[in-house]
Amino acid sequence: MEMLFRKVEYLIEGDAAKQKMLKNSPWTTEKIRKKITKHFVFFLLAFIIANFFLAYIIGIDELKKIISEPVSEHMVGFLSIILFSFIFYGVYISFREQICTVICPYGRLQSVLLDRNSMIVAYDHKRGEPRGKFKKNQPAEINTGDCIDCFQCVKVCPTGIDIRNGTQMECVGCTACIDACDRIMEAVNKPKGLVRYASENGITEGKKLRYTGRMKLYTVLLILLSGILTLLLISRKDIDGTIIRTKGMVYQERGTDSLSNLFNIKVINKTIKNIPVTLRLEGDAKNAGKIELVGATDIHLKQEDQASGSFFIVLPRTFVNNRKMKLVIGLYDGDKRITTLKTNFAGPFGKY
Ligand code: SF4
Ligand code: SF4
């Protein structure tokens, strides 16, 4: 709203006062031109947002198909783009800041997050009160504050609040009231900043912004969360999976000299390419045993998909030295090892 739509609106129709004048003016060629241009650009932006939104849900490849292939083959997708475009257009042209006050939970959280030292869009009541209408050559004994009660800050406020009543849940921090009041202060020859970014303590006690305990806590939390996010992103594997020994089964005898276990594997492909995955034993078991996939030679892993399968691990009896032997299995794309997974091989009691 603030970064795109309001900027477009200001560019085409001017600031809040000019927009109001245009709204109340009769339908001239100029007004029609401005309105058509605004609605066209708004719909275009809504259409682009709808495309991104859909790409987020169905994936960029599916979206490309909807765009490039005949409409008849992707009727549902095509209608979804049109529907979402109109929804976004409706939100930005009419519903606007009501989203902030009715749907977004931030306003409610604000009262918990803020304290008297938080920087907010604030009215300097010490300087502004008692408010009084501006009169030229006003006698000095009539001592009013700097606020001339012109209501410009209220008129430009997209959520319709009066910032002079203090911080309110509806404030979206757009700073339109700061600009409006600064213009008025300039016009009446008074210093700007009657409405400005300031803390409650800064206004009432003239205290400078301090790095409080709450701010320190927020900083630590922010660093911690950013650290966790970075760690998750760095350690994210393109291919991941699990190998579990088939439930209810222990080991099988293979002739007189070997033992086998049956395993189930589930692999997830987070990349956008198909990968035929082969399995190999790693470590000491590499040369001693073998893997036998059930009914296939590899696990065909489609892009952004998951696959599962079953396989036997066959090991010589002499190699199995534990009732629960740890094994590492490598997942390979050709000769390139993609990742490794760990599992346990169940052997009989006692040593062979
Ligand atoms: S910053 Fe000012 S204009 Fe913007 S929502 Fe808050 S009070 Fe209204
Ligand atoms: S714009 Fe400034 S001077 Fe006018 S009412 Fe608001 S705070 Fe007072």
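## A first walk through the model

Tutor: Happy to. Keep in mind that this is a predicted model. The C-alpha centres of domain 1 and domain 4 lie 52 Å apart.

Student: Okay, which residues does the domain assignment give to domain 4?

Tutor: Let's go along the protein chain. The assignment starts with domain 1 at 5–96, then gives domain 2 as 106–204 and domain 3 as 211–236. That leaves domain 4, which is 239–346.

Student: Now the helices. Are H3 and H4 parallel, perpendicular or oblique to each other?

Tutor: Start with the numbers: H3 and helix H4 (residues 60–68) pack with axes 7 Å apart, at an angle of about 125°. Roughly perpendicular stops at 115 degrees and roughly antiparallel begins over 145. The angle falls between those two, so H3 and H4 are oblique.

Student: And which residues of H4 make the contact with H3?

Tutor: On the H3 side you'll find Asn51, Leu54, Ala55 and Ile58. By class, the contact of H3 with H4 has five nonpolar residues, one polar and one charged. The H4 side is made by Ile60, Glu62 and Leu63.

Student: Staying with H3, is Phe40 buried or exposed?

Tutor: Phe40 sits in helix H3, which covers residues 29–58. Phe40 has 11 C-beta neighbours inside 10 Å. The cut-off for this class is 12 or fewer, so Phe40 counts as exposed.

Student: How far apart in space are Phe40 and Tyr89?

Tutor: Along the sequence, Phe40 and Tyr89 are 49 residues apart. In space, going from C-alpha to C-alpha, the distance between Phe40 and Tyr89 is 10.0 Å.

Student: What about Arg6: buried, exposed or partly exposed?

Tutor: Arg6 belongs to helix H1 (residues 5–13). C-alpha to C-alpha, Arg6 is 10.0 Å from Ile93, although 87 residues separate them in sequence. Because 16 other C-beta atoms lie within 10 Å, Arg6 is partly exposed.

Student: Let's turn to the ligands. Which residues come nearest to ligand 1?

Tutor: There are 14 residues around ligand 1. By class, that shell has eleven nonpolar, three polar and no charged residues. The nearest are Cys157, Ile163, Cys171, Cys174 and Cys177.

Student: And which helix gives the most to the shell around ligand 2?

Tutor: Ligand 2 is surrounded by 15 residues, with Cys147, Cys150, Gln152, Cys153 and Cys181 the closest. The classes here are eleven nonpolar, two polar and two charged. Helix H9 (152–156) and helix H10 (176–187) each supply at least two residues of the shell. With three residues, the one that gives the most is H10.

Student: Now for the backbone. What is the phi of Phe151?

Tutor: Phe151 lies in the loop between H8 and H9, and with 13 other C-beta atoms within 10 Å it is partly exposed. Most residues other than glycine have a negative phi. Phe151 isn't a glycine, yet its phi is positive, near 70°.

Student: Where is Thr175?

Tutor: Thr175 also has a positive phi without being a glycine, about 70°. Thr175 is partly exposed, with 15 other C-beta atoms within 10 Å. Its place is in the loop between H9 and H10.

Student: Last one: which residues does the cis peptide bond join?

Tutor: Most peptide bonds are trans. This one has an omega of about -10°, and Pro130 lies in the loop between helix H8 (125–128) and H9. The cis bond joins Glu129 and Pro130.

Note on methods:
Residues numbered from 1 in each chain as written. Chains lettered and ligands numbered in written order. Predicted model: local features only at pLDDT ≥ 70, side-chain atom pairs only at ≥ 80, totals over all residues. Helix = DSSP H or I, 4+ residues; strand = E, 2+ residues; numbered from the N terminus. Buried ≥ 20, exposed ≤ 12 C-beta atoms within 10 Å, placed from the backbone. Domains from an automatic or database assignment. Near = placed C-beta within 6 Å. Nonpolar A, V, L, I, M, F, W, Y, C, P; charged D, E, K, R; others polar. Axes fitted to C-alpha atoms, helices over the stretch in contact; angles between N-to-C directions. Parallel < 35°, antiparallel > 145°, perpendicular 65-115°, else oblique. Contact = placed C-beta atoms within 7 Å.
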